[in-house]
Amino acid sequence: MNKRNRIISMISSILIWGSGQFFVCKQRIKGLILFLLQLIFVGIELFSGYWLEALSGQIKHFTIRLHGGFFTKGIWGFITLGTKEGGRNGDHSTMLMITGIITILVLIVVLGIYIYNIRDAYKMGKLLDETGHCLSTKEYFKSVYAKFFAYVILIPIVIFITFVVIMPIIFAIFTAFTNYNSNHLPPGNLVRWVGFDNFKKLFEIPIWSSTFFSVLRWTVIWAVLATFSTYSLGMFQAILLNSKYTKCKTLYRGIMILPWAIPQLISLLVFRNFLNGQFGPVSKFLMDIGLTDHRIAFLSDPFIAKVTILIVNLWLSFPMFMIMIQGILSNIDKSIYEAAEIDGGGSVKIFFHITLPLVLRSTAPLIVMNLAGNFNGFGTIYFLTNGGPVNTNYQFAGDTDILISWIYKLTLDQRLYDMAAVMNIMIFILIAAVSIWNFRRTQAFKEVE
Amino acid sequence: MWKKRLKIFLINAEQILVSILVLVPVVWIIMSSFNKGKNLSTASFIPKEFTLSNYVDLFTENEFGHWFVNSLSIATLNAFVSVALILLTAWVLSRFKFKGKKTGLLTLLVLSMFPSFLSMTAVYTLFVVLELVNKPIALVILYAAGAIPYNVWLVKGYIDGIPSSLDEAAYIDGSSKFNTFRKIIVPISKPIIVYCAVSQFMMPWMDYIVPNLVLSGNKNKTVAVGLYSMISTDQDANFTQFAAGAVVVAIPITIMYLIFQKFLVQGIVAGASKE
């Protein structure tokens, strides 16, 4: 079989984009478009830098830092993070890193188009070899119209997400491998790549590792207790609401749903005042009725603050589970209960053998989501106690800080961007492991497979 | 008989008790907002003297009016932009076959797991470069992009459940793709659209981290940052005004939540199970 056309077409497209399509396969417009794209990419590099001047000998000391184009300068910046320190003419390391990442992302797109161009030239050549004639550009675009439509809508959205969501995440991940912190702040100072030093610091320097593991321990305890307590109370209230003995169900439900409907930030700030140890009404009330003879530090004693946070969280979050479980309970077939009663099951037995398993099964995904949410429950901690009281044995953390609020402090108060990034990666690994495990069991995932 | 009575009594007593515990902080903050005097320590549960001066001061002494308008415009714009982007993306991902679809969906899934302020520093630097710092539109850009990963999965799941025979019938009748989207997919997806719109509308009101980072200056604050700033420095001194602000913000949002609760519950359940 003759393979001539596909090989010529492919080789010429490797050298000059679209030439295989243009000359061998006679797809003039498609070939031209690809060629134009190549021109644009090469043009960007040539004209954003000083290549032409350099080639014609006008520049004596050529450096990529000063004279490179968009692509070379971007890559150079990403690798070196700048070479000239300080001042107005110095290099801005983080800016260089961001442009570097953007350059790499653009290069990936360029590479994608290039590979498409080669593969397409080969495919069209093959078609020519096998059938003796080739598709016109018009026929080709018609054949890909369905896919084309999806891309037209998605490409702008993909670009949008890439810049606003993906690029910053990539930046944050790379930050973990630099010394970007309060001692190395651009534009005054340069940032360096430091490899795994920050991870070593986290595990080898005692104050970092002890803070990390203490905060992690409280984060896990908090997430588990918060989810478990709100779920239990939610279920309890839902069962009571559904009980035939309950009068004025709508009234109770209407009141108990309030914490769910009131914006959480407002509730948290209200509680911050309500439970204020020095001026707050609760500790004053407890003193007035003689339960205690001194002000209680609800939010500033290490242990009491933790308990307070859990109780406030209970107030905030039990209604959500109550509403969900109430919905499930009212959908359970009544005949199951009747059958159980005939068989002589007591109400406790019925609960543990029928109600609980049914409710648990349908709320399992909600529980996992709630766990993950509490794990990263910045608001509850930060707005109630600011993570405090400050623990002097900890590195910039307080007794009630969870990982996410600690990261927030490291970033905004301490400007230890490098260590904050390391912590971010740890959190992501933990959350991703749980979420993927949870998600793999659901229907949606099986459909993607 | 007495056993049944006891049961009725206990069950109702418990619910009354829980209702009271739920109501106490709510009533307390409302009452505080009518207190004369500014302090937390002197504010009493039943005001000795009713006054509306806290509400007046909120708008005259503070820039609360500006904060409210900022939040309202950001929230409204965000709801529209986010829903449009989410719906279009979800529709394409649900209904069209194309190369890279699976990779795209899994990427979105991974992205939805990153804690949102993981990327704060980079976003801030990017906004400095694009000169978006201190412009409310920056928040909308960030919220809308951030909402896509999670919500696209949610809405895609919903659209997957709409029988595709409906669209095919429309196509046979000669309807264009966008017309089919507008006339068939959008009306049927109303519950999930309401969920996305309401949750995207609510979010900017209560988000503190992003506006605190991106917006500066007292006039540019959003309600969340403004309210927090009133009590974060000196908890005692501005308390009754804070109470008034909390009430002004909480009432419309709470009512909105109660009106849309059916949609919100459905949305949360769908988000957790993604089925």
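Phe178(B) counts as exposed because 11 C-beta neighbours lie inside 10 Å of its own C-beta atom; the class is exposed at 12 or fewer other C-beta atoms within 10 Å, buried at 20 or more, and partly exposed in between, with C-beta atoms placed from the backbone. The model is predicted, so local features need pLDDT of at least 70 and side-chain atom pairs count only at pLDDT 80 or more, whereas totals for chains, interfaces and linings use all residues. Residues are numbered from 1 along each chain as its sequence is written, and chains are lettered from A and ligands numbered from 1 in the order in which they are written.

Phe178(B) is part of helix H8 (residues 177-188) of chain B; helices (H or I, at least four residues) and strands (E, at least two) are DSSP runs, numbered from the N terminus. Its C-alpha atom is separated by 27 Å from that of Leu264(B), 86 residues apart along the chain.

Chain B contains 13 helices and zero strands. Its radius of gyration, taken over C-alpha atoms, is 24 Å, well over the 19 Å given for 275 residues by the globule rule, so chain B is more spread out than a compact globule. That rule is 2.2 Å times the number of residues to the power 0.38. The C-alpha trace of chain B spans about 75 × 70 × 30 Å along its principal axes. Of its 275 residues, 44% count as buried. Among contacts (C-beta atoms, placed from the backbone, within 7 Å) between residues of chain B at least 6 apart in sequence, 75% join residues at least 24 apart.

Beyond its neighbours within four places in sequence, Val155(B) is in contact with Ile86(B), Leu87(B), Ala90(B), Ser189(B), Ile192(B) and Cys196(B).

Between the chains, 69 residues of chain A are in contact with 70 residues of chain B. On the side of chain A, the largest share comes from helix H9 (residues 145-175) of chain A, with 17 residues. This side divides into 52 nonpolar, 15 polar and two charged residues, where Ala, Val, Leu, Ile, Met, Phe, Trp, Tyr, Cys and Pro count as nonpolar, Asp, Glu, Lys and Arg as charged, and the others, Gly among them, as polar.

Domain bounds come from an automatic or database domain assignment. For chain A the assignment gives domain 1 (4-195) and domain 2 (201-448), with centres, taken over C-alpha atoms, separated by 47 Å. Their contact takes 10 residues from domain 1 of chain A and nine residues from domain 2 of chain A.

Chain A averages a pLDDT (the predictor's confidence in each residue, from 0 to 100) of 86, and 96% of the residues score at least 70. Within chain A, confidence is highest in helix H11 (residues 206-242), at a mean of 93, and lowest in helix H22 (residues 443-448), at 54. Where pLDDT is low, the predicted coordinates should not be read in detail.

Technical notes:
Contact = placed C-beta atoms within 7 Å.
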